[in-house]
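Hi there,

Here is the structure I promised to pass on to you.

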Amino acid sequence: MTAYDYDLFVIGGGSGGVRAGRVAASLGKRVAIAEEYRFGGTCVIRGCVPKKLFVYASQYAEHFEDAAGYGWDVGESTFDWKKLIAAKDKEIARLEGLYRRGLENNGAEILETRAELVDAHTVRLTKTGKTVTAEKIVIATGGWPNPHAALPGHEFCISSNEAFDLPELPRSILIAGGGYIAVEFANIFHGLGVDTTLIYRGKEILSRFDHDLRQGLHRAMVEKGIRIVLTDVIEEVTRAAAGGLVAKTLNGETIAVDTVMLALGRDPNTRGLGLEAAGVAVNERGAIVVDEYSRTSVPNIYALGDVTDRVQLTPVAIHEAMCFIETEYRNNPTAPDHQLIPTAVFSQPEIGTVGLSEEEAARRYPELEIYRAEFRPMKATLSGRAEKMIMKLVVDAASRKVVGAHVLGHDAGEMAQLLGISLKAGVTKDDFDRTMAVHPTAAEELVTMYNPSYRVRNGERV
Ligand SMILES: Cc1cc2nc3c(=O)[nH]c(=O)nc-3n(C[C@H](O)[C@H](O)[C@H](O)COP(=O)(O)OP(=O)(O)OC[C@H]3O[C@@H](n4cnc5c(N)ncnc54)[C@H](O)[C@@H]3O)c2cc1C
């Protein structure tokens with residue numbers, strides 16, 4: 001048997017890589033993990049965590065306004081961007097420390113370097129040029145914001161990476177994209193007082209989500225004062241003589257702003273990784289091709305998380321890592337389960353969703369019952385805020401199974417987590433009907449929608 005330096009070498013210290021490395025080390029495997037930037041990866045350093053902290057920060061303006069209806073006089077309030085950045089940096093440094101300690105305490109060797117494949121069992125550490133060998137290799141290098149290099153002036157634009165560390169809060173921003181990152185940042189910047197425009201080439205933001213929620217969120221964002229430009233794209237970005245940037249759009253608009261942010265998808269981090277030398281196949285998007293067990297075209301090399309371009313979410317990367325551990329180190333071959341993934345968009349109002357949208361369900365089932373409620377949440381009564389919640393259950397009429405559950409409004413993400421358990425357990429509409437309401441809550445609406453709002457038969461609303 002060949003003596004390798006390690007049982008497992010993990011490339012990338014993000015959500016998936018750290019989990020795979022830490023658990024393998026805890027099982028007594030000789031593990032090394034290389035990270036070229038900061039442990040914790042996208043989620044901790046420039047993704048989910050700082051994003052959610054910014055979401056909280058951006059909600060205070062509305063909280064202060066709403067307080068008046070409840071008898072509070074908050075007085076003058078000011079916001080300090082630099083203080084927020086410093087507080088956020090402190091928190092992510094703390095989390096990064098936890099990730100590192102978790103690895104170290106379990107005996108994994110931490111390597112602060114970029115790593116590239118030399119062959120199926122050999123990795124080069126670029127900091128020193130040293131090569132090491134491993135019996136198995138996990139590639140968990142994540143993704144990177146698509147820079148839209150074909151756009152003239154793209155070099156003047158920022159991505160979500162820079163948005164977390166801007167030296168000054170811009171007075172105005174134009175955000176290109178219609179996915180959840182673009183939508184969340186539009187709400188964040190608007191909430192912090194930035195004049196915000198969102199531009200998206202599609203007919204409605206957040207494709208693939210249920211149309212009701214997409215339209216409901218769109219309306220709410222516009223009512224707050226966010227400008228949304230649809231079916232248009234930025235054609236060119238130039239520097240303005242007076243400072244700031246000017247974006248010209250395909251439909252002939254000229255939009256002058258301090259900052260342009262591109263949120264046009266994320267590319268798998270595979271460039272220069274030595275995949276060809278090792279014989280690891282990628283698809284046309286540069287994502288590593290894997291089988292149902294996350295195994296690449298080279299049997300001892302696995303890939304997991306965003307670099308495989310399956311579902312780009314932290315819990316999915318972690319789940320894929322745990323399946324790798326089960327398969328390789330616990331003699332229990334386990335394929336990741338990508339069905340019924342609950343998810344949230346931390347917009348304002350929030351979206352929480354699990355299962356099929358009405359449109360997707362209509363393609364799969366001959367008849368659907370749709371239960372839908374739109375109402376003003378209790379909190380908005382005294383605050384006077386004109387906001388609506390939407391709740392929607394998509395039910396297969398034949399089996400009574402709830403195949404989709406969608407919420408727009410406060411705490412929708414929290415609700416989606418619990419709805420996710422129910423749907424995973426195969427809940428029927430009758431189970432919802434048998435469940436006692438928690439009163440007074442917004443979520444009680446989910447168990448008190450007794451009659452279908454409408455039906456969808458063979459794709460037609462009846
Ligand atoms: C703005 C934003 C908000 C997000 N919000 C959410 C959210 O709310 N909820 C959610 O579930 N997901 C969210 N995500 C997605 C989530 O961050 C990713 O799905 C998750 O981080 C993927 O984990 P990963 O392990 O695949 O890769 P990553 O976490 O990206 O980790 C990859 C790591 O590999 C390192 N690396 C790359 N190449 C090399 C190399 N050759 N050698 C050494 N190291 C290397 C990178 O520096 C990085 O640290 C968000 C992402 C972004 C950008």
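**Overall fold**

The protein chain has 13 helices and 23 strands, where helices (H or I, at least four residues) and strands (E, at least two) are DSSP runs, numbered from the N terminus. Its radius of gyration is 24 Å, close to the 23 Å that the globule rule gives for 462 residues, so the protein chain is as compact as a globular protein of that length. (The radius of gyration is taken over C-alpha atoms, and the globule rule is 2.2 Å times the number of residues to the power 0.38.)

Before you go further, please note that this is a predicted model, in which local features need pLDDT of at least 70 and side-chain atom pairs count only at pLDDT 80 or more, while totals for chains, interfaces and linings use all residues. Residues are numbered from 1 along each chain as its sequence is written, and side-chain values use heavy atoms, with hydrogens and water left out.

The C-alpha trace of the protein chain spans about 70 × 65 × 45 Å along its principal axes. Of the 462 residues, 51% are buried; buried means under 20% relative accessible area, exposed over 50%, and partly exposed in between (1.4 Å probe, protein chains only).

If you take the contacts between residues at least 6 apart in sequence, 62% of them join residues at least 24 apart; contact means heavy atoms within 4.5 Å. As for charges, there are 52 positive and 62 negative ones, and their mean positions are 2 Å apart. Lys and Arg count as positive and Asp and Glu as negative, with His and the chain ends not counted; the place of a charge is NZ of Lys, CZ of Arg, CG of Asp or CD of Glu.

**Cysteines**

A search of the whole structure turned up zero disulfides, a disulfide being a pair of cysteine sulfur atoms within 2.5 Å. For Cys323, the closest cysteine sulfur belongs to Cys43 and is 18 Å away, which is too far for a bond. Cys323 is buried, at 4% relative accessible area, whereas Cys48 is partly exposed, at 32%.

**Two buried helix residues**

Asn187 is located in helix 6 (residues 180–191) and is buried, with a relative accessible area of 2%. Setting aside neighbours within four places in sequence, Asn187 is in contact with Ser58, Met221, Ile226, Ser347 and Gln348.

Val44 sits in helix 2 (residues 41–46) and is likewise buried, at 2% relative accessibility. With neighbours within four places in sequence again left out, Val44 is in contact with Val49, Pro50, Ile92, Leu95, Glu96 and Tyr99. Val44 and Glu223 are 179 residues apart in sequence, and their C-alpha atoms are 32 Å apart in space.

**Backbone geometry in the loops**

The peptide bond from Gln348 to Pro349 is cis, with omega near 10°, and Pro349 is in the loop between strand 17 (343–345) and strand 18 (351–355). Another cis peptide bond joins His439 and Pro440, with omega about -10°; Pro440 belongs to the loop between helix 13 and strand 22 (454–457).

Positive phi also turns up outside glycine. Arg208 has phi of about 80°; this residue is in the loop between strand 9 (195–199) and helix 7 (211–224) and is exposed, with a relative accessible area of 79%. For Thr231, phi is near 45°. Thr231 lies in the loop between strand 10 (227–229) and strand 11 (234–239) and is partly exposed, at 45%.

**Two further positions**

Gly426 falls in the loop between helix 12 (412–424) and helix 13 (429–434) and is partly exposed, at 23% relative accessibility. Gly426 and Val403 are 23 residues apart in sequence and 8.5 Å apart in space, C-alpha to C-alpha.

Arg363 is part of helix 10 (residues 358–364) and is exposed, at 63% relative accessibility. Between Arg363 and Ala240 there are 48 Å in space, C-alpha to C-alpha, and the two are 123 residues apart in sequence.

Best wishes
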